[in-house]
Amino acid sequence: MRSTDMLMHEHRIIEKMLNVLSNYSTKLEQNKRVQPAQLRTCVDFIRTFADTCHHHKEEGVLFAEMEAHGMPSNGGPVGVMLAEHEMGRNYVKGMARAIDDYENGVVNADKEVVKNAQGYIGLLSQHINKEDNILYPMANDMLEDMDTELVERFEAVEKKLGEGIHEKYEAIVDQLEKDSIS
Ligand SMILES: [Fe+2]
Ligand SMILES: [Fe+2]
């Protein structure tokens, strides 16, 4: 498997989470109760799987190598990706805060959860689209010679986070997918 194929596989798992967030948002908009614990599991998934596991492979390895091979970091496509990761982190922060408020019965906290969740969904779906169709093909051309090394470095990122992290979070998102439509 090529390094960018590994990242694209992770995108498919992250898209499942976007689907989960969309389902929970719909429930909240219909004034249905959603367990705060389930919403917190979404936040944990995004922070661990999407932001630490996936984004660290991009920021610390793939994008860093693209820069080292002549791609400018500010202004260019890599700079845009990095800025979007940061915007994503802000939405997740807002979501986490709103979930606490929702649990504590703060008025309109459900709307705040939905606002941040929808912001994150919109941001990430177009972000993933750009990476799959523009950034990764560029990386494949630029870094063809070092792909084996990139794959090894991705594996090292995973190892650092703990064995089985992938399987664990894939199982979590599958479970949430069922819960979010029940
Ligand atoms: Fe990214
Ligand atoms: Fe990505």
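Trainee: Where is the kink in α2 centred, and what is its angle?
Mentor: The kink in α2 is centred on H55 and comes to about 40°. Bear in mind that this is a predicted model.

Trainee: Okay, and what follows α2?
Mentor: That would be G70, which has a positive phi, near 110°.

Trainee: Stepping back, how many helices and strands does the chain have?
Mentor: There are 6 helices and 0 strands. The chain's radius of gyration is 17 Å, close to the 16 Å from the globule rule for 182 residues, so the chain is as compact as a globular protein of that length.

Trainee: Now the inside. Which residues touch the most other members of the largest nonpolar core?
Mentor: Those are M17, L21, C42, M95 and V113, out of 28 residues in that core. The elements giving it two or more residues are α1 (3-29), α2 (36-68), α3 (77-103), α4 (109-142) and α6 (165-181).

Trainee: Let's follow M17. What is M17 in contact with, leaving aside neighbours within four places in sequence?
Mentor: M17 is in contact with C42, F45, I46 and V173. There is also a second, separate core of 12 residues, with L7, V61, L62 and Y136 among them.

Trainee: Last one: what share of the chain's residues counts as buried?
Mentor: Of the 182 residues, 29% count as buried.

Terms used. Residues are numbered from 1 along each chain as its sequence is written. Chains are lettered from A and ligands numbered from 1 in the order in which they are written. This is a predicted model: local features need pLDDT of at least 70, side-chain atom pairs count only at pLDDT 80 or more; totals for chains, interfaces and linings use all residues. A nonpolar core is a set of buried Ala, Val, Leu, Ile, Met, Phe, Trp, Tyr and Cys residues joined through C-beta atoms within 7 Å. A residue is buried if 20 or more other C-beta atoms lie within 10 Å of its own, exposed if 12 or fewer, and partly exposed in between; C-beta atoms are placed from the backbone. Helices (H or I, at least four residues) and strands (E, at least two) are DSSP runs, numbered from the N terminus. Two residues are in contact if their C-beta atoms, placed from the backbone, lie within 7 Å. The bend at a residue is the angle between axes fitted to the seven residues ending there and the seven starting there. The radius of gyration is taken over C-alpha atoms; the globule rule is 2.2 Å times the number of residues to the power 0.38.
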